[in-house]
Amino acid sequence: MEKAAAPTTRACRPRRGEETQWIPGVNSQKKQMCFDWGPGEMLVCETSFNKKEKSEMVAGCPFIHIIRKDIDVYSKILRKLFNESHGIFVGLQRIEEELTGKSRKAQLVRVSKNYRSVIRACMEEMHQFAVADKDSAIGRQFSSQVSILSAVELIWNLCEILFIEVAPAGPLLLYLLDWVRLHVCEVDSLSADVLGSENPSKHESFWNLVTTLVLQGRLDEARQMLSKEADSNPTSAGMCRVLGDLMRTMPILSPGNTQTLTELELRWQHWHEECERHLQDGTFASNPHLESLCKVLLGDDAALLEHKELLSNWYHFLVTRLLYSQPTVKPMDLHLYAQSSLDLFLGGESSPEPLDNILMAAFEFDIHQVIKECSIALSNWWFVAHLTDLLDHCKLLQSHNLYFGSNMREFLLLEYASGLFAHHSLWQLGVDYCDHCPELGRVSLELHIERIPLTTEQKALKVLRVCEQRQMTEQVRSICKVLAMKAVRNNRLGSALSWSIRAKDAAFATLVSDRFLRDYCERGCFSDLDLIDNLGPAMMLSDRLTFLGKYREFHRLYGEKCFVDAASLLLSLMTSQIAPRSFWMTLLTDALPLLEQKQVIFSAEQTYELLRCLEDLTSGRPLCGEPDAQQLQDDDIETTKVEILRLALARNLARSIIKEGSLEGS
């Protein structure tokens, strides 16, 4: 356990990836906390250390608290995100070598869009749950998660535009407009409400709708709304037509247009001067709404900020401002407009949020700052791990190595994988992430794979398969030992022997073999005959296992009435010293039926060997102290066995000598 350096107002401050936790019943002003990290969680408890060094004991909190490292892996909906994105990640690693030139860029953009589609699908599903349980704590939790996923997709989309698409001046603005329209979508529901009314132009939100459409650059839709105003209000029809013509003639660099930026800037300048002339001439003076829209078209900051509520955020303000004042903005100048837009929008009334800092870092093309800010702000490593991997494939992080020997991509992927290993099923995804980290992935996998709880044999087999596919010999041996020990505790000797053989653990195989032999002595028969009969070369793992296999073979030969072969095998087990001495009496007892056969089975020489073994066994018994009644009874039984064996051996010796003598005489 580790002692905290100093108590804080919070009882515990978990590392990145967890929320700050209150520990109930703990007064951190008086008590120090100690903690210890496990594979997927942290144990926290109060210590008896008093920072004021007073001698009196203060009543404390008697509990040990468990804080999970990555709680998001336990969310059913987020698990879908993890599973789907895993497939995209693995696919990206496989196609990497095939990507070249323009096809490479197109493929990377496609991969990025696939990631975003998975985020949006997860977000929509979570939104449905949030709506269904909106009044409960779970519903509020879902709503919070929806907001986080929305921010994640917003950041990813911007990074895709700036770092992967690498959009040049001109098309850059079109990408940014799509970015804003995708993430500021309240206008669609507002449009449905207005158009669904009996008289849209008289709807209370009509001008808000028109203004919002103009702010998003959706000028065709705005013109359609103005035509409705012209139809219902003849006095403003001329003004609506003029403003509509200005919207229609606004120069925009469309994807299929071949005009140069210089031509676009010249046309845009003429158009801008025409808008300004109409405003100065008072063309829209009699209609404040139309005049306000004309000021928006001129990109007037004050006019834009009058619609601050409709803009909703500073980056919407930025894109609208660029659309109507700097349509050919260069990527290198984005950060200047972004910073001024943020300052104007906030107006010194509030400080930037973490999301604002992340977006600003992206506009500054500071990839590493984006990753750093996201690592701090987000609750898990999923986003930064996958985004960093994608950017690394774009060759944007090649020069950034961390001081402790890994590169940023590997570090983040392995951190994300470590959270997956804490889950009972997602650990299988973590294996693939480790596989694609060439420097430290193998070491990390070895450390994590040993900590996976082997709760079921099916899970253990999956873990074992992973280790065997990667030639992780030590881990295979360790897992097999654990499973063998569990099987022994549950008296499943066949399973235990199978695992010990798979682990190539001679000592444990000897232990299990002894249990088999002891079980045979108690019950008079073997369990798991199929396993013992098919040991094959595996029986050479240990002498005791070899004996077990050969002893079972003796019984098989005896059952098949191959008495001569059975006798030779039984004798070789004793004379080769492969049989444990404690089992000699059992082997000699097994020889009795062969000694009593009508046909002479054991030769004179073999009988002498059996006699020698019997004498060695009886002469080697240790002398005991004062025997008890049970021991006396056992000794009587053993004495009787020895006498019967001596008699049988003597009779067989006589028969074998006669037989061998008669054969020689003939």
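Me: At what angle do the axes of helix H9 and helix H10 cross?
Reply: In this predicted model, helix H9 covers residues 261-280 and helix H10 covers residues 288-297. Their axes come within 10 Å and cross at roughly 150°.

Me: Are H9 and H10 roughly parallel or roughly antiparallel to each other?
Reply: The axes of the two helices cross at roughly 150°. Angles over 145 degrees count as roughly antiparallel. H9 and H10 are therefore roughly antiparallel.

Me: Is the crossing of H9 and H10 left-handed or right-handed, and which residues make the contact?
Reply: H9 passes H10 in a left-handed crossing. From H9, the contact is made by Trp271, Cys275 and Leu279. From H10, the residues that make the contact are Glu291, Cys294, Lys295 and Leu297.

Me: How many residues of the contact of H9 with H10 are nonpolar, polar and charged?
Reply: The contact involves Trp271, Cys275 and Leu279 of H9, and Glu291, Cys294, Lys295 and Leu297 of H10. Glu and Lys count as charged, while Trp, Cys and Leu count as nonpolar. The division is five nonpolar, no polar and two charged.

Me: Where do tryptophan 268 and tryptophan 271 lie, and what is the geometry of their pair?
Reply: Tryptophan 268 and tryptophan 271 both lie in helix H9, three residues apart, which is about one turn of the helix. Their ring centres are 6.5 Å apart and their planes stand at 45°, so the pair is tilted.

Me: Is tryptophan 268 buried or exposed, and what of tryptophan 271?
Reply: Residues under 20% relative accessible area count as buried. Tryptophan 268 has a relative accessible area of 8%, so tryptophan 268 is buried. At 3% relative accessibility, tryptophan 271 also counts as buried.

Me: How many aromatic pairs are there, and what is the geometry of the pair of tryptophan 179 and tyrosine 315?
Reply: The count comes to 17 aromatic pairs, taking ring centres within 6.5 Å. Tryptophan 179 and tyrosine 315 have their rings 5.3 Å apart centre to centre, with 40° between the planes. The pair is tilted.

Me: Which helices does the pair of tryptophan 179 and tyrosine 315 link?
Reply: The two residues are 136 residues apart, so the pair links distant parts of the chain. At 1% relative accessibility tryptophan 179 counts as buried, and at 10% tyrosine 315 counts as buried too. Tryptophan 179 is in helix H4 (residues 171-183), and tyrosine 315 is in helix H13 (residues 314-325).

Me: Is aspartate 389 buried or exposed, and which residues does aspartate 389 touch?
Reply: Aspartate 389 lies in helix H17 (residues 382-393). With a relative accessible area of 0%, aspartate 389 is buried. Not counting residues up to four places away in sequence, aspartate 389 touches Phe89, Leu92, Gln93, Arg409 and Leu413.

Me: Which residues form one aromatic cluster with Phe89?
Reply: Phe89 is one of the residues touched by aspartate 389. Phe89 also belongs to an aromatic cluster, together with Phe82, Tyr416 and Tyr433.

Me: Which helices do the buried residues of helix H16 pack against?
Reply: Helix H16 (residues 367-377) has Ile367, Val370, Ile371, Glu373, Cys374 and Ser375 as its buried residues. These pack against helix H3 (137-165), helix H15 (354-363), H17 and helix H18 (408-421).

Me: What is the phi of serine 312, and what is the phi of asparagine 491?
Reply: Most residues other than glycine have a negative phi. Serine 312 is in the loop between helix H12 (308-311) and H13, while asparagine 491 is in the loop between helix H22 (473-489) and helix H23 (493-503). At 42% relative accessibility serine 312 counts as partly exposed, and at 51% asparagine 491 counts as exposed. Phi is near 70° for serine 312 and about 60° for asparagine 491.

Me: What distance separates the C-alpha atoms of serine 425 and lysine 459?
Reply: Serine 425 is in the loop between H18 and helix H19 (427-435), and is partly exposed at a relative accessible area of 30%. Serine 425 and lysine 459 are 34 residues apart along the chain. Their C-alpha atoms are separated by 8.9 Å.

Key
Residues numbered from 1 in each chain as written. Predicted model: local features only at pLDDT ≥ 70, side-chain atom pairs only at ≥ 80, totals over all residues. Heavy atoms only, no water. Axes fitted to C-alpha atoms, helices over the stretch in contact; angles between N-to-C directions. Helix = DSSP H or I, 4+ residues; strand = E, 2+ residues; numbered from the N terminus. Parallel < 35°, antiparallel > 145°, perpendicular 65-115°, else oblique. Left-handed = near helix turned anticlockwise from the far one by under 90°. Contact = heavy atoms within 4.5 Å. Phe/Tyr/Trp six-rings, centres within 6.5 Å; stacked < 30°, edge-to-face > 60°. Buried < 20%, exposed > 50% of the residue type's maximum accessible area, 1.4 Å probe, protein only.
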